[in-house]
Amino acid sequence: LMLYAGIPFQSLVLVLPFLLIGIGIDNAYVMTAGFDRSDKSLPIEERMYETGFSSGMSITVTTLTNVVALLFGSMTKIQA
């Protein structure tokens with residue numbers, strides 16, 4: 001489909017879905033750990049708020065780290 005859209009083939013295109021799944025799973029673990037640490041006596045809405053508040057910075061840092069790593073990886077010339 002990408003060739004029909006005029007996007008040239010690159011090896012990064014093959015790896016990108018797996019990287020995106022890995023990033024999503026990483027953030028899911030962080031959110032699950034935050035939810036487990038929240039106060040179980042609170043209503044679910046409050047627990048979700050606490051989870052987002054406590055896990056938000058960790059998710060931001062890991063996502064920025066992944067973006068920087070992908071940018072540097074895409075700029076690197078690797079000889080075949």
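This is a predicted model: local features need pLDDT of at least 70, side-chain atom pairs count only at pLDDT 80 or more; totals for chains, interfaces and linings use all residues.
Which are the buried residues of H2? They are Arg47, Thr51, Ser55 and Ile59. Buried means under 20% relative accessible area, exposed means over 50%, and partly exposed lies in between (1.4 Å probe, protein chains only).

Residues are numbered from 1 along each chain as its sequence is written, and side-chain values use heavy atoms, with hydrogens and water left out.

**View 1**
Helices are DSSP runs (H or I, at least four residues), numbered from the N terminus. H2 has 32 residues. From its first C-alpha to its last it reaches 44 Å, close to the 46 Å expected at 1.5 Å a residue. The expected span is 1.5 Å times one less than the number of residues. A kink of about 45° is centred on serine 55. The bend at a residue is the angle between axes fitted to the seven residues ending there and the seven starting there. Ser55 is also one of the buried residues of H2. These buried residues pack against H1.

An α-helix has 3.6 residues a turn, so residues three or four places apart point the same way.

**View 1. Helix H1 and its kink.**
The end C-alpha atoms of H1 are 40 Å apart. This agrees with the 39 Å that its 27 residues should span at 1.5 Å a residue. A kink of about 30° is centred on proline 17. Ile23, Asn27 and Gly34 are the buried residues of H1. They pack against H2.

**View 2. Arginine 47.**
This residue sits in helix H2. Arginine 47 counts as buried because its relative accessible area is 12%. Leaving aside neighbours within four places in sequence, arginine 47 is in contact (heavy atoms within 4.5 Å) with Phe35, Ser38, Asp39, Lys40 and Leu42. Its C-alpha lies 12 Å from that of alanine 33, which is 14 residues apart from it along the chain.

Asparagine 27 is found in helix H1. Its relative accessible area is 15%, so asparagine 27 is buried. Leaving aside neighbours within four places in sequence, asparagine 27 is in contact with Ile59, Thr62 and Thr63. Asparagine 66 belongs to helix H2. With a relative accessible area of 25%, asparagine 66 is partly exposed. Its C-alpha is separated by 17 Å from that of methionine 31, 35 residues apart along the chain.

**View 3. The largest pocket.**
A pocket is an open set of points on a 1 Å grid over the protein atoms alone, where a 1.4 Å probe fits, with protein on both sides within 12 Å along at least five of seven lines; lining residues have an atom within 4 Å of a point. The largest pocket holds about 200 Å³ of space. Its lining is Gln10, Ser11, Leu12, Gly73, Ser74, Thr76 and Ile78. H1 (11-37) and H2 (44-75) each supply at least two residues of that lining. By class, the lining has two nonpolar, five polar and no charged residues.

Technical notes
Grid points are joined across faces, edges and corners, and a volume is the space filled by probe spheres set on the points. Ala, Val, Leu, Ile, Met, Phe, Trp, Tyr, Cys and Pro count as nonpolar, Asp, Glu, Lys and Arg as charged, and the others, Gly among them, as polar.
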